[in-house]
Amino acid sequence: MNRDASSCNTYDYGDAVYWDARYQQEADSFDWYQRYAALRPFVRKFISTTASVLMVGCGNAVMSEDMVNDGYEDIMNVDISSVAVDIMRRKHQFIPQLKYMEMDVRDMSFFPDEKFDAVVDKGTLDALMCGTDASISAAQMLGEVSRLLKSGGVYLLITYGDPKARMPYLMRPSYNWKIALFIIPRPGFQRPEGCNTLEKPYLEPVPLTDNGLLLPSFVIEDPDSHFIYMCQKMDDSDLNNIAPYPLSADVL
Ligand SMILES: C[S@@+](CC[C@H](N)C(=O)[O-])C[C@H]1O[C@@H](n2cnc3c(N)ncnc32)[C@H](O)[C@@H]1O
């Protein structure tokens with residue numbers, strides 16, 4: 001999981017010591033994968049500007065600040081790196097819409113159940129899934145995200161992980177999430193010359209099989225695309241309408 005490519009290249013991504021050192025060395029802000037401008041259509045479509053938002057693994061990205069500049073009123077940012085949290089808290093001390101806390105997303109017991117309307121995750125589940133005990137960490141984090149979401153609330157996951165890699169974790173019946181998938185090309189992606197396929201309507205959800213996988217006929221234009229999973233927490237009464245996913249033992 002380096003800044004551009006689409007796979008883990010170190011186990012350290014799950015380690016606070018790694019991130020502290022990295023944020024100490026790299027003072028400039030950096031947004032992984034995509035900037036807010038590219039994500040804005042999805043954020044604005046699924047998250048109201050009055051929503052209470054939890055940004056998990058905020059790092060030193062500009063995303064939250066951009067959201068405030070776009071009208072968002074209440075964003076709680078958490079990260080396991082005390083270095084990142086200190087830098088960001090200082091930088092945004094005069095922006096009351098932004099709050100920062102050092103926290104491990106696998107244990108967010110500081111917050112009561114159903115505290116947030118929305119949780120935004122750009123690269124943090126990915127970081128955990130590059131670490132040791134990846135499956136356990138991912139399940140712990142997603143269990144916490146599910147607990148913290150209000151009914152009707154949305155978990156917006158921006159990741160390099162395709163449905164094969166992410167759906168087994170997201171489609172747990174106990175979360176009761178209705179999931180829509182969107183795929184956007186990496187920044188700067190150019191269609192190969194002579195390619196005359198129609199431009200994909202990125203704001204349209206991608207059709208999925210009952211198991212949450214891409215249809216075999218579906219073609220991803222950019223092999224380094226980013227995947228946006230919009231997971232909406234449904235009422236218990238809707239529980240029966242969600243197709244169960246065959247989970248392997250390591251996910252449970
Ligand atoms: C790939 S970076 C993404 C940063 C930011 N969201 C962005 O879009 O640029 C992953 C972030 O997750 C944080 N992180 C890793 N493990 C974490 C954990 N267990 N709890 C909270 N944050 C974690 C790291 O410190 C890092 O800031």
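Analyst: Helices here are DSSP runs of H or I with at least four residues, strands are E runs of at least two, and both are numbered from the N terminus. The model is predicted, with local features needing pLDDT of at least 70 and side-chain atom pairs 80 or more, while totals for chains, interfaces and linings use all residues. Residues are numbered from 1 along each chain as its sequence is written.

User: Why is Ala 38 called partly exposed?

Analyst: Ala 38 has 17 other C-beta atoms within 10 Å. Ala 38 belongs to helix H2 (residues 36-46).

User: What does Ala 38 touch, leaving out residues up to four places away in sequence?

Analyst: Ala 38 touches Ile 184 and Pro 187, where contact takes C-beta atoms within 7 Å. Arg 186 is 148 residues from Ala 38 in sequence, yet the two C-alpha atoms are 9.7 Å apart.

User: What is Leu 54 in contact with, beyond four places in sequence?

Analyst: Its partners are Met 76, Val 78, Phe 116, Val 119 and Leu 148. Across the protein, 77% of the contacts with a separation of 6 or more join residues 24 or more positions apart.

Technical notes:
Contact = placed C-beta atoms within 7 Å. Buried ≥ 20, exposed ≤ 12 C-beta atoms within 10 Å, placed from the backbone.
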